[in-house]
Amino acid sequence: MRHTISVLVENEFGVLTRVAGLFSGRGFNIESLCVAPTLDPTISRMTIVTSGDDRILEQINKQLNKLISTIKVIDFTGTDYIEREMAVIKINAEEKVRAEVLRIADIFRAKVVDVTARSYILEITGAPSKINAIIELLRPIGIQELVRSGPVVLGRGTKAWKAV
Amino acid sequence: MKLTGSKILLECLVQEGIDTIFGYPGGTVINIYNDLMDYPIKHILTRHEQAAVHAADGYARASGKVGVALATSGPGATNTVTGIATAYMDSIPLVVITGQVPTPLIGNDAFQEADIVGITRPITKHNYLVKDVKELARIIKEAFFIARTGRPGPVVIDLPKDVQMATCKFEYPDKVDLRGYKPTYSGNIRMIEKATKMVLQASKPVIYVGGGAALSDASSELQELAELIQAPVTTTLMGMATFPKTHPLSMGMLGMHGTYYANMAVTECDLLIAIGARFDDRVTGKIATFAPHAKIIHVDIDPTSIKKNVRVDLPIVGDLRDVLGKLVKKLVEEADEVKGLVERGKPWLEAVSAWRKDHPMFYKTAKSVIKPQYVIEKIRELTAEDAIITTEVGQHQMWTAQFFDFLKPRTFLTSGGLGTMGYGLPAALGAQAAFPERQVIDISGDGSFQMNSQELATLVQYRLPVKIAILNNNFLGMVRQWQQLFFDKRYSQTCLELPIDFTKLAEAYGATGLRATKPEEVEGVIRKALETKGPVIMEFKVAREENVMPMVPAGAGLNEMVLAS
């Protein structure tokens, strides 16, 4: 089962290696990983998408918590949360498909952020399923290059996760 | 007052109460070694950095204090890796300090540069690269705190040469503030109440004890619990000395080379109380048939150990002394029910006795050739109760676990998790440095001994009177045994064909060498060694193709032991 986990870590040298090494060393799977500093610059927030059965997920949670550099681990699975990912897509925009690309972009509320005579770059944010959907529609037209950020998540409602 | 980084390091060690360290000098620690001459810290110069770490490890296991090792950058640092991994697998508190090339050179493939922080990340509890001398005191404080608290483990501090030379105001912090590290010591009382109920409902309880009981010095609490509920006790290799093996409730070791009765008891029990153990594959055998009828209570300070390998009905996270103390207290409050439990448990203890009677731990004695097990029994007979025994890894290690009656905690030092050949001699060196007056004996094989035999020099130089018993069969015996049993006796590369005269080797280093080739010489050799002041090698020419029995073949269940024929 797919799980999205946020990890608050000390924003220090080598912390990404500790987390990534933990996953590779113990044979856990990482689907995606996003990391950037939080409002408090001494703390970084990682969002990790992983998968495994309950036993593996319990180990992932515990092992992450065991790292000295880890301050908090939050598994959002089974809670109400917002999940957003960004994709930037360079797409073929030859004369005969230009309008179709724009129509699709419009439906998905994607923005055109770069234009040439033969290509567009689209920027889109949304749940990973939405990104998947636009990619499937654009694929036959000719995607030349694509980058996805991997999802970031935040729990809904007023409750906020703080570091300590 | 402003101090250099190297002096700050040494000041911190003194403030941590460290009086002995083990190490080996080199270019990037030369400043530290220079300042060391002015500090009240005894430095023991081993002949290899791996041995320095094993020695610090033996010092830590025997004394309960944090062991400290010091090595230079590059090859010095990489030589510490096996020692660090050994300590990590057995949760031994160490602080290992490595020199590093000056910070401007890091990443440039400088002379004797190695990314030791990267290399040791998966085998340390935590590690540090010190980039600024201002951070040094805090980092050392944290390193000792992390090493000794919670589930203990090794911590590496990589200290670049320019940081050692830089100066700053020295102030040793009086406490640490690690927001990501807060080990749970106090066991949750509700869980302990639940455990009390489970214990009181059991009819066939077994207590299964691991190295955690040694690390937390929980022997007396453990014994109280076992005696109160009259539950038979089995230990892992690491838990061995925490429960006296001669105690009527002791079943000895469980697992691959455990006793038949311990393995049968675990298979048949209805309650398994796991205490500071981690259900290692050498203990459980086939998971599917491990304790199939039992409810499992698992007490451990490390949450990751719980439910990692086996299902657990009741997890309790906490320090063993705290949890066992509370559990005993709760049980004592239910005196009547405990009486009922003890009554109910009588047939169970009888069943265990019957298994023990049917298949006791035994070996065939011989008149013409020395049996290795006999040597081990004799060493027990002739040494003090608190003698510290170390081993290397292989057959001799298992025979020691099977035939040596350990009576006191922290008297058995062995590499359990990693299984490091070459551990025993330097570990004995470290233990002897911690306890100069106690008997320290390294029980070794001829294969393992040669992995760190250079440490004979260290023993002689520092007058550390370690006695080394080499059970010499001219084989890498454990692998040979597997080849015999599972590979049609095809002894590929396990015969150490060159016969070595270990007594002459001892003499070359200025130690004493003794040899026994017949059973009747064994006792005399051991007596003479124990009477000798300095280090001694006792070489025992033992039965060459003796096997460690009984045995659970790899992948089989604990109830499928192969017994000695």
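1. Chain B holds an open sheet of six strands, ordered β3-β2-β4-β5-β7-β6 with parallel pairing; strands are DSSP runs of E with at least two residues, numbered from the N terminus, and two of them pair if DSSP finds at least two bridges between them. At the edges lie β3 (42–45) and β6 (126–129) of chain B, each pairing on one side only. From one strand to the next the twist averages 20°.

2. This is a predicted model: local features need pLDDT of at least 70, side-chain atom pairs count only at pLDDT 80 or more, and totals for chains, interfaces and linings use all residues. Residues are numbered from 1 along each chain as its sequence is written, with chains lettered from A and ligands numbered from 1 in the order in which they are written.

3. B:N127 has B:V156 in β7(B) as its bridge partner.

4. The largest nonpolar core comprises 188 residues, and B:A69, B:L94 and B:Y208 are among those with the most contacts inside it. Such a core is a set of buried Ala, Val, Leu, Ile, Met, Phe, Trp, Tyr and Cys residues joined through C-beta atoms within 7 Å, where buried requires 20 or more other C-beta atoms within 10 Å of the residue's own, with C-beta atoms placed from the backbone. A second, separate core of 13 residues includes A:V101, A:A105, A:Y120 and A:I124.

5. Not counting residues up to four places away in sequence, B:L94 touches residues including B:V53, B:A69 and B:P154 (contact: C-beta atoms, placed from the backbone, within 7 Å).

Technical notes
Helix = DSSP H or I, 4+ residues; strand = E, 2+ residues; numbered from the N terminus. Axes fitted to C-alpha atoms, helices over the stretch in contact; angles between N-to-C directions. Buried ≥ 20, exposed ≤ 12 C-beta atoms within 10 Å, placed from the backbone. Contact = placed C-beta atoms within 7 Å.
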